[in-house]
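Please read this briefing alongside the sequence and the model.

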Amino acid sequence: MGLLGDELAFGRALTAPEYESVMALGHRKEYAPDTPLLTEGDRTGHVVIVLRGWVTVSHITDRGATRLILGLRGPGELLGEMAALDNHPRSATVRALGTVEATVIGGDAFRRFLATHPRVSGLVIRQLTFRLRSADQERSALASLTVLQRLASRLTELSRTAPTGPYAPSAPTSGAGTGSTGAVVHLAQDELAATVGATREAVAKALRLLRTQKVTGGRRCGPLSRGVRRPRPARHPAARGGPCCRPTGPRSRSAAGPAAPGR
C-alpha cells in the first residue's frame, strides 16, 4: 500500500530552467484549510503544482456519503494532469490539509509546453504510470488484507521520519524544487479510516487492538487527534503483516471498494 508514494515529485524532478519555465506558465494561489483545489466531476482543465503544504486526493464511493482517500500529496506534486490531457471530468477531489500554496496553470498552456519539452512530457508520463501501479497495489490491499493489516501498514507509512513524509518536520529543499514542506499534517480518525477504505468504527477497534499489543501508545498515535504531531514508528510484527495482524474476531468490512486514483 502507498498513500504517499516514493516517486520523486514532479517539481523536484525538473531542472532549474525547466522549473522556472513551468512556474512562469501560471500564477500562485493560496488555499485555506479544507478548501478544494480540484473537485471530482468538474470539467475544468487546469493543473496545480503544490508549492507549500499538503493535500488529500479523494474519491466518492458508490455509496455517495463515503469517500476513499487515494493519496496525500505535498510540495512539488503535479495534480490535475489527467483532465488536462484527456478533457474528461475530474475523477477525484483534491482538498487542502492546512494552508496550501500552489501554482495554477491553464490546460492549454500546459499542453503546449509539454509538446515542446519532451523531457518534461516524459516526467508527466512517468508520474501517471507510477500512480497507476500504486492504484493496482491499493486495490489488491483492499481485496486481500483485513482492516487491521491495512491500518498497521498505513501507520507505518505515515510514521516516516524522512522529509518527504507529511508527518516529518519542515525541511528546506535544494535545487529546482519547491520550498519547505510546511506544517506537519494532522489526520482525524475518520480521515485515517478513509485512507484504508474502512469505517471509523472499524479503525477505532483496530487501533484499540494495536494499543493492547503496544504498537501505538495513546496520544502518541498522531492520526487519533488533530492536536498530535505524528504516530510512533511501528516496532511490531503488525506493521509487516505478522501474526498479530490476524483479527481476533469477525473481519471488519471495508466501507469502500477499490477505486483508481485520478485527477
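The points below are grouped by topic, after a note on the model.

This is a predicted model, in which local features need pLDDT of at least 70, side-chain atom pairs count only at pLDDT 80 or more, and totals for chains, interfaces and linings use all residues. Residues are numbered from 1 along each chain as its sequence is written, and side-chain values use heavy atoms, with hydrogens and water left out.

- Strand β3 spans residues 47–60 and is largely enclosed by the rest of the structure, because eleven of its 14 residues are buried (under 20% relative accessible area, 1.4 Å probe, protein chains only; exposed is over 50%, partly exposed in between).
- Strands are DSSP E runs of at least two residues, helices are H or I runs of at least four, and both are numbered from the N terminus.
- Two strands pair if DSSP finds at least two bridges between them.
- β3 pairs with β6 in the antiparallel sense over ten bridges; Val 47 has Ile 105 of β6 as its bridge partner.
- With β4 (residues 67–73), β3 forms six bridges, also antiparallel, and Thr 56 is bridged to Leu 72 there.
- β5 (residues 78–79) runs antiparallel to β3 and is joined to it by two bridges; Leu 78 of β5 stands opposite Ile 49.

**Val 94**

- Val 94 lies in strand β6 (residues 93–105) and counts as buried because its relative accessibility is 1%.
- Its contacts (heavy atoms within 4.5 Å) beyond four places in sequence include Thr 56, Val 57 and Leu 79.
- Leu 72 is 22 residues from Val 94 in sequence, with a C-alpha to C-alpha distance of 9.3 Å.

**Thr 195**

- Thr 195 belongs to helix α7 (residues 189–195) and, at 1% relative accessibility, counts as buried.
- Beyond its neighbours within four places in sequence, Thr 195 contacts Leu 3, Ile 69, Glu 138 and Arg 154.
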